[in-house]
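User: I've got a model open and want to talk through a few spots in it. Can you take my questions one at a time?

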Amino acid sequence: MALVHAETSTGVLNPVQQLAAIAREHGALTIVDAVTSFGGHPLDVGGWGIDACYSCTQKCLGGPAGLAPVVFGPRALEKRVKCRSFYFDLGLLEDYWIRRKYHHTMSSTLVCAIDEALAIVEEEGLEARWARHERNHRALVASLSALGLSVFPREGERLWTLNAVRVPDGVDEAAVRKHLLEEFNIEIGAGLGPLAGKIWRVGLMGASSSPRLIVLLRGALESALAKQHQRARV
């Protein structure tokens, strides 16, 4: 069973711990996408009974893009079958990373970069890092509320790392994003699929999860919305 822990398109935090337990009860293996949660939300691969989990280095870990941390639990390893692909052969990759047998030539600078990113995480403390992401998410929600803006989904199901902000009726959401980028050098995401034109996606991940940037974003949004209101009056 494939699960997405942190749904980047909608801002939803899925109950992976409970779903993984249900899957295990029925003998199913679980693979979890933790791309937008690893380092920003509590994630216990072993404790939750997740069989395979993967993430990235450029979001909550704050490193450069280019690596994909991955882990396989005992149940998943027991189910391995002969692989016909050189690139996806777990045995060859295991030999490369653990037994130091040659498989490919990778970017050593990326390894150095993620080593430094993980050192920063360790220095802050993982639980403290989770708490920071939650605290700044709540500060952002309160700040947006003061502007008459709201987020979804409902409380308890929201990501701390990716905030889905509702676009008010009558507001040109693309123009707001353009204003933020050109006037304040702030880039936020647009809605995707059925939510295109209906939300802004605001990331608060890693070093970008900070009170200073929340204050800056609030002022930038206030400026962009005021500009649209002025045009409407004209």
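User: Which backbone atom does the side chain of His41 reach at 2.8 Å?
Analyst: Keep in mind that this is a predicted model. His41 sits in the loop between β4 (31-33) and β5 (52-54), and its contacts beyond four places in sequence include Arg158, Leu159, Trp160 and Thr161. From there, the His41 side chain gets to 2.8 Å from the backbone nitrogen of Trp160.

User: Is His41 buried or exposed?
Analyst: His41 also touches His5, Leu13 and Trp130, among others. Its relative accessibility is 2%, and the cut-off for that class is under 20%. So His41 counts as buried.

User: How far apart are the C-alpha atoms of Val4 and Val16?
Analyst: Val4 belongs to strand β1 (residues 2-4) and, at 32% relative accessibility, counts as partly exposed. Leaving out neighbours within four places, Val4 contacts Asn14, Val16 and Asp33. Val4 and Val16 are 12 residues apart along the chain, and their C-alpha atoms are separated by 7.7 Å.

User: How are α4 and α5 oriented to each other: roughly parallel or roughly perpendicular?
Analyst: Helix α4 (residues 108-124) packs on helix α5 (residues 126-146) at about 90 degrees, the axes being 6 Å apart. Angles of 65 to 115 degrees fall in one class, so α4 and α5 are roughly perpendicular.

User: Which residues of α5 meet α4?
Analyst: On the α4 side it's Ile120, Val121 and Glu124. The residues of this contact split into 4 nonpolar, no polar and 3 charged. The α5 partners are Leu126, Ala128, Arg129 and Arg132.

Notes. Residues numbered from 1 in each chain as written. Predicted model: local features only at pLDDT ≥ 70, side-chain atom pairs only at ≥ 80, totals over all residues. Heavy atoms only, no water. Axes fitted to C-alpha atoms, helices over the stretch in contact; angles between N-to-C directions. Helix = DSSP H or I, 4+ residues; strand = E, 2+ residues; numbered from the N terminus. Parallel < 35°, antiparallel > 145°, perpendicular 65-115°, else oblique. Contact = heavy atoms within 4.5 Å. Nonpolar A, V, L, I, M, F, W, Y, C, P; charged D, E, K, R; others polar. Buried < 20%, exposed > 50% of the residue type's maximum accessible area, 1.4 Å probe, protein only. Polar contact = N/O pair within 3.5 Å; in protein donor to acceptor, adjacent residues only side chain to side chain.
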